Amino acid sequence: MAEPLLEVRDLRVHFPTDDGLVKAVDGISFTLAAGETLGVVGESGSGKSVSFLTVMGLITKNQARIQGEIVFQGQDLLKLPPEEMRNVRGAKISMIFQDPMTSLHPYYKVGTQIAEAIRTHQKVSKREAREQAVEMLRRVGIPRPDERADQYPHEFSGGMRQRAMIAMALSLNPDLLIADEPTTALDVTVQAQILDLIDRLKQEFNASVVIITHDLGVVAEHCDHIQVMYAGKIVEAGGRRDIYYGAHHPYTWGLLSSIPRLAEEEAHERLNPIRGLPPSLIFVPPGCAFHPRCPHAFDRCRTEVPALLPANGHHASACHLALEDKERIFQETVMVRR
Amino acid sequence: MSVQVNERPDEAPVEERRPLVRIRGVRKLFPITRGIIFQKHIGDVHAVDGVDLDIYPGETVGLVGETGCGKSTLARVVMRLYDATEGTIEFDGRDITDLKGRELRLLRRDMQMIFQDPFASLNPRKTIGSIIGEPFRLHHTVPRNRIKAEVQQLMELVGLNPEHYNRYPHEFSGGQRQRIGVARSLALRPKLIVCDEPVSALDVSIQAQILNLLEDLQEEFNLTYLFIAHDLAVVKHVSDRVAVMYLGKIVEMAAGATLYRNPKHPYTGALLSAVPIADPDLAAQKKRIILEGDVPSPIDPPSGCRFHPRCPNAQFPKCRDEEPFLEPHHPGQVAACHFPLEDRAVIETTDAEPVH
């Protein structure tokens with residue numbers, strides 16, 4: 001196997017607060033191959049954003065206690081001095097965020113903001129940078145890009161702003177694009193456009209993509225691999241088919257059962273939500289963090305933290321249930337709804 | 001024209017039942033003016049532009065559409081939070097279009113609203129006990145010394161711990177806050193609850209809890225819902241009938257399952273094909289209708305069919321010049337389109353299990 005583009009080893013990000021230590025990310029390991037699309041799924045507070053903000057170097061050792069390794073193209077990003085990290089961020093790894101209104105500066109023209117990003121990393125003249133910015137706007141499907149480049153963010157619609165953010169993120173031809181809930185604030189029709197755009201640009205720019213989302217539907221069509229996070233840990237990871245047609249973790253089952261199915265025949269079909277609320281990250285339940293909400297929990301779950309163990313190939317889950325039970329319960333509770 | 005569907009055979013035919021809400025020809029225009037002292041009227045935002053809708057007691061009518069299609073404005077017109085520019089609204093057989101003052105306040109007991117953002121719709125400086133009890137204090141339906149007991153009962157009903165009576169909204173999570181909003185809307189035992197994107201801001205697992213709660217309450221109190229959301233899967237799940245809005249007009253209305261299998265309006269088809277499905281095989285079966293561009297400005301809506309500039313099936317000049325009206329298709333289905341879609345145009349539904 002070729003060397004992975006990104007390898008995260010036992011990453012921990014803990015924030016000291018007055019109330020106690022918030023264990024936002026608590027020992028996650030994964031690899032991402034070049035050209036792969038990874039979906040990271042979890043509820044608010046599961047640590048999915050914090051993990052990748054740390055990869056981006058946007059959470060620093062001044063703010064949090066960070067342990068582990070983030071090896072990107074053979075370099076441990078956590079050991080890089082800030083000025084070298086600045087060369088990686090934006091140029092090699094870039095990120096787009098949920099809310100395109102707050103991530104663009106309202107006082108500057110859109111084209112100027114993209115050109116500025118280019119000039120930060122490349123020695124080009126202002127005019128060349130602007131030409132590149134216009135070209136990027138064209139490539140993300142913004143009509144009349146030369147006029148649009150001279151407009152301010154408030155003159156763009158939500159979908160157009162997200163396109164402009166993508167243009168900025170890809171303007172330096174990064175090897176890794178991290179999309180943090182890129183479509184949560186958008187209408188479904190626009191969401192479909194943006195996800196298709198990310199797919200297409202991924203091919204064109206030959207980049208790896210990470211899509212962070214709370215909606216298992218969004219990643220079903222666009223990701224090769226999926227990892228599910230809960231309370232700062234990866235509880236299940238696997239290929240797309242492993243997750244949708246054979247999930248092994250009760251939390252993943254809960255997520256799959258919570259989504260209203262478009263294909264259901266009768267209205268008012270009962271959903272099976274996960275009971276209770278996500279735990280506090282200061283007082284994470286002992287044993288498996290999911291046990292208080294898990295309908296299948298038994299004694300061992302309350303005391304012993306389950307390790308993320310592979311079942312077959314890449315498919316791994318962190319749950320004490322026996323493999324036969326997992327397969328049976330998945331068929332009985334999740335597949336039966338389809 | 002009116003839109004009538006009877007999906008439940010055990011009930012009287014819909015024609016004989018009296019709708020709880022009857023909307024006829026409702027338009028809501030927001031004027032645009034220029035100038036500070038001498039305000040010159042230069043145009044209107046056509047937020048809702050001619051809508052007829054009946055909502056029957058005990059049913060849930062879903063409204064879907066993209067941002068800016070007028071679905072929230074329509075809900076606020078029904079609630080009498082906005083005055084309709086034209087048209088009439090009847091509630092329980094009574095014309096409420098021009099009710100004022102005391103009459104209007106009495107009417108508000110029967111219709112309540114749940115809002116999208118559970119962070120913005122609760123006053124951060126009040127305890128949740130006083131937030132949920134506020135309707136009692138305004139409408140004097142419960143004597144003062146009984147308010148606390150009533151509020152705690154409501155809290156229990158929606159799945160909140162009654163001991164948290166004296167806590168403030170910031171101490172609750174998003175899902176719990178939405179429960180507070182639900183409890184408040186139930187306080188006066190209304191007949192109609194308008195839910196404006198009640199689960200859009202919540203995580204999926206919490207979203208499912210709130211949807212189940214709303215359905216339980218509907219059964220228990222025989223509530224009627226007008227349920228607004230941009231997520232077609234959610235709307236279809238809770239609704240007996242779904243109305244699809246585009247630029248201020250209802251373009252299609254049908255039972256959810258009919259809409260899913262046989263959408264007639266290309267816009268409905270596009271919405272349907274854009275919904276992410278958490279099942280890769282099923283997702284691969286659906287045909288994509290990708291819409292180009294954004295919703296046009298409601299200040300100067302396109303001529304003829306408002307959808308024609310974005311419609312993949314538009315035929316000229318008819319779609320540009322002639323406005324289509326709602327016409328019946330399958331039982332209980334109406335759609336406003338000159339060239340409606342074939343059956344099963346978006347999703348090939350077979351009764352067989354998906355292949356694994």
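**Domain layout in chains B and A**

The domain assignment of chain B gives domain 1 (14-110 + 190-204 + 216-335) and domain 2 (121-189), the bounds coming from an automatic or database domain assignment. The structure is a predicted model, in which local features need pLDDT of at least 70, side-chain atom pairs count only at pLDDT 80 or more, and totals for chains, interfaces and linings use all residues. Residues are numbered from 1 along each chain as its sequence is written, while chains are lettered from A and ligands numbered from 1 in the order in which they are written.

In chain B, 30 Å separates the C-alpha centres of domain 1 and domain 2. Eight residues from domain 1 of chain B and eight residues from domain 2 of chain B make up the contact, where two residues are in contact if their C-beta atoms, placed from the backbone, lie within 7 Å. On the domain 1 side of chain B, seven of these residues are nonpolar, none is polar and one is charged. Here Ala, Val, Leu, Ile, Met, Phe, Trp, Tyr, Cys and Pro count as nonpolar, Asp, Glu, Lys and Arg as charged, and the others, Gly among them, as polar.

Chain A is assigned domain 1 (6-223) and domain 2 (229-337). Their C-alpha centres are 28 Å apart. The contact in chain A joins 23 residues of domain 1 to 16 residues of domain 2. On the domain 1 side, strand 2 (20-32), strand 3 (37-41) and helix 9 (216-220) of chain A each give two or more residues; helices (H or I, at least four residues) and strands (E, at least two) are DSSP runs, numbered from the N terminus. Strand 2 of chain A provides the largest share of that side, ten residues. By residue class, the domain 1 side in chain A has eleven nonpolar, seven polar and five charged residues.
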